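Please look through the structure below before reading on. The report that follows takes up its contacts, its core, its pockets and a few features of its backbone.

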Amino acid sequence: MTEKFHILLLGGTGICGLIFAQAALEAGHKLTLYVRTPSKIPKELSSNANLAVIQGDLSDAEGLKRAAACGADVFVSLAGPTLGRRDGTPITNALKTLYPLLLENGTTKRILILSTASYSAVEDTRSIKWWFAINLYIKVIGGDTYTEIKGMAEETVALGQKIPWTVFRVPLLGGTKLGENDGDVNACFVGDSKGRDGLNLDRGRLARWILNELYEAKWIRSCPILANA
């Protein structure tokens with residue numbers, strides 16, 4: 001794995017984003033973070049010569065233009081809605097603006113977007129545990145979460161053949177530090193016959209899975225569900 005990427009990261013100040021940023025920098029990649037509040041980035045990351053920051057929010061059209069023009073060849077989004085809030089679909093709306101700009105500005109190698117099982121892949125099969133999780137939890141108390149998650153994934157899938165994309169769907173995320181629960185990740189589909197579509201995933205494992213997928217390219221134009229192995 002000698003090739004290094006320039007990754008534009010959305011959602012870089014959340015727990016997942018900070019863990020991913022650390023893993024990506026340790027692996028030698030260049031990062032540009034598009035964030036609303038740069039002060040949330042720890043100094044040990046912000047002081048890294050391979051990390052740049054563009055300030056802006058999801059509704060800032062000019063900020064999104066600056067982000068798209070940063071020279072990244074890969075776009076990763078770890079942004080997600082807050083369960084229970086009714087904020088509309090700001091992430092989906094931002095992707096609608098950002099995707100054409102990224103393609104115009106040379107982001108051509110890969111797009112990887114966080115989602116959940118609220119978005120159904122065509123390969124998914126019946127799963128009682130996931131039916132309960134989505135219909136009796138997400139849809140009931142989720143606010144605009146269900147609509148936002150579906151919208152984010154649909155915008156990405158609609159890219160079709162324009163760029164290699166992956167919508168990686170995650171279950172309940174745990175862990176606050178890179179390396180505190182290292183291990184393998186199962187990637188499959190909901191209703192997996194071997195039961196690999198678990199309900200938990202360590203954030204550090206997720207970060208390393210994303211970076212590995214940049215090289216392995218096993219899930220191009222696909223929507224796997226990930227879980228701790």
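Which residues does Leu 112 touch, not counting residues up to four places away in sequence?

## Basis of the report

This is a predicted model, in which local features need pLDDT of at least 70 and side-chain atom pairs count only at pLDDT 80 or more, while totals for chains, interfaces and linings use all residues. Residues are numbered from 1 along each chain as its sequence is written, and side-chain values use heavy atoms, with hydrogens and water left out.

## Leu 112 and its surroundings

Leu 112 touches Val 74, Phe 75, Val 76, Ser 77, Thr 166, Phe 168, Ile 210, Glu 213 and Leu 214, leaving aside residues up to four places away in sequence, where contact means heavy atoms within 4.5 Å. Leu 112 belongs to strand β5, residues 110–115; strands (E, at least two residues) and helices (H or I, at least four) are DSSP runs, numbered from the N terminus.

Because its relative accessibility is 0%, Leu 112 counts as buried, a term for residues under 20% relative accessible area, with exposed over 50% and partly exposed in between (1.4 Å probe, protein chains only). Between the C-alpha atoms of Leu 112 and Ala 158, which are 46 residues apart along the chain, the separation is 13 Å.

## The nonpolar cores

The largest nonpolar core has 65 residues, and Phe 20, Phe 75, Leu 78 and Phe 168 are those with the most contacts inside it; such a core is a set of buried Ala, Val, Leu, Ile, Met, Phe, Trp, Tyr and Cys residues joined through side-chain atoms within 4.5 Å. Apart from it lies another core, of six residues, including Trp 130, Cys 188, Val 190 and Ile 225.

Not counting residues up to four places away in sequence, the residues that Phe 75 touches include Leu 8, Leu 10, Leu 95, Tyr 99, Arg 110 and Leu 112.

The largest pocket has a volume of about 1,500 Å³. Of the 47 residues that line it, Leu 78, Ala 79, Gly 80, Pro 81 and Thr 82 are the closest to its centre. On a 1 Å grid over the protein atoms alone, where a 1.4 Å probe is fitted, a pocket is an open set of points with protein on both sides within 12 Å along at least five of seven lines, and lining residues have an atom within 4 Å of a point. Grid points are joined across faces, edges and corners, and a volume is the space filled by probe spheres set on the points. The largest share of this lining, five residues, comes from α5.

The second largest pocket holds about 180 Å³ of space and is lined by 14 residues, with Ala 117, Ser 120, Trp 130, Trp 131 and Ile 134 nearest its centre. Here, too, α5 supplies the largest share of the lining, five residues.

The 12 residues of α1 should span 16 Å at 1.5 Å a residue, and its end C-alpha atoms are 17 Å apart, which agrees; the expected span is 1.5 Å times one less than the number of residues. Among the buried residues of α1 are Cys 16, Ile 19, Phe 20 and Leu 25. After α1 comes Gly 28, whose phi is positive, near 95 degrees.

Ala 217, in the loop between α7 (203–216) and β10 (225–228), has a positive phi of about 50 degrees although it is not a glycine. Arg 221 is also placed in the loop between α7 and β10, and its phi is near 55 degrees, a positive value in a residue other than glycine. Ala 217 is partly exposed, with a relative accessible area of 35%, and Arg 221 is partly exposed at 30%.
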